[in-house]
Amino acid sequence: MTAMDYLFAPEVLEIDLAESSATFNPPLSVTSPGEGLAVRPLAREDYDRGFLQLLKELTSVGDISRDAWDARFDEMKQCKGTYFVAVIEDTKLGKIIGAATLVVEKKFIHECGMVGRVEDVVVSNEYR
């Protein structure tokens, strides 16, 4: 099996939810979000796993060819530390059922600080 081409390093998602003030019942983690589910970075291969169809539940997407997808994926991947698109995959179906994007913007203000915006948060109607 070929390794997936991720938008960013999967290690970025190694987060200990126990350190959060949020509580989950039953307990869950990023590495174990629920039976048959996986949280991971967007992968080039998600074009074939329904990522664009999922976004259509949120807003207008348009008709995006595989070539256009690959070009935009490459552009975003080259902007290291800027685009973090995380997805939830139903691993039994090989289908993307949730997604969220964190865009990190570098600023001159606040001593060359950074700000992040969470965008394009969507969960499939079938899983809400």
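1. Helix α2 has 13 residues and, at 1.5 Å a residue, should span 18 Å; its end C-alpha atoms are 18 Å apart, so the two values agree. The expected span of a helix is 1.5 Å times one less than its number of residues. Helices (H or I, at least four residues) and strands (E, at least two) are DSSP runs, numbered from the N terminus. This is a predicted model, in which local features need pLDDT of at least 70 and side-chain atom pairs count only at pLDDT 80 or more, while totals for chains, interfaces and linings use all residues. Residues are numbered from 1 along each chain as its sequence is written, and side-chain values use heavy atoms, with hydrogens and water left out.

2. Which residues of α2 are buried? Trp69, Phe73 and Met76 are. Seen down the axis of α2, its buried residues fall within an arc of 70°, so they line one face of the helix. The arc is that of the directions from the helix axis to the C-beta atoms. On the other side of α2, Asp67 and Gln78 are exposed. Here buried means under 20% relative accessible area, exposed over 50%, and partly exposed in between (1.4 Å probe, protein chains only).

3. A salt bridge is a side-chain nitrogen of Lys or Arg within 4 Å of a carboxyl oxygen of Asp or Glu. Arg66 and Asp70 form one (3.5 Å, N to O); because they are four residues apart in helix α2, about one helical turn separates them. Glu75 and Arg72 form another (2.9 Å, N to O), and being three residues apart in α2, they too are separated by about one helical turn. Arg66 is partly exposed at 28% relative accessible area, and Glu75 is partly exposed at 42%.

4. By this rule the count comes to 17 salt bridges. A network of salt bridges links Asp5, Arg44, Asp48, Arg66, Asp70, Asp74 and Lys77.

5. Glu105 and Arg117 also form a salt bridge, with the closest N and O atoms 3.1 Å apart. This pair links distant parts of the chain: Glu105 is in strand β3 and Arg117 in strand β4 (residues 114–123), twelve residues apart. Glu105 is partly exposed at 31% relative accessibility, as is Arg117 at 36%.

6. Aromatic rings pair as well: rings of Phe, Tyr and Trp (its six-membered ring) pair if their centres lie within 6.5 Å, and planes under 30 degrees apart count as stacked, over 60 as edge-to-face and the rest as tilted. By this rule there are four aromatic pairs. The rings of Tyr47 and Trp69 have centres 5.7 Å apart and planes at 55°, so this pair is tilted. The pair links distant parts of the chain, since Tyr47 is in the loop between β1 (37–41) and α1 (51–55) and Trp69 is in helix α2 (residues 66–78), 22 residues apart. Is Trp69 buried or exposed? At 7% relative accessibility, Trp69 counts as buried, whereas Tyr47, at 22%, is partly exposed. Ring pairs link Tyr47, Phe51, Trp69 and Phe73 into a cluster.

7. As for the whole chain, there are three helices and four strands, in the pattern β-α-α-β-β-α-β along the sequence. Of the 128 residues, 28% count as buried.
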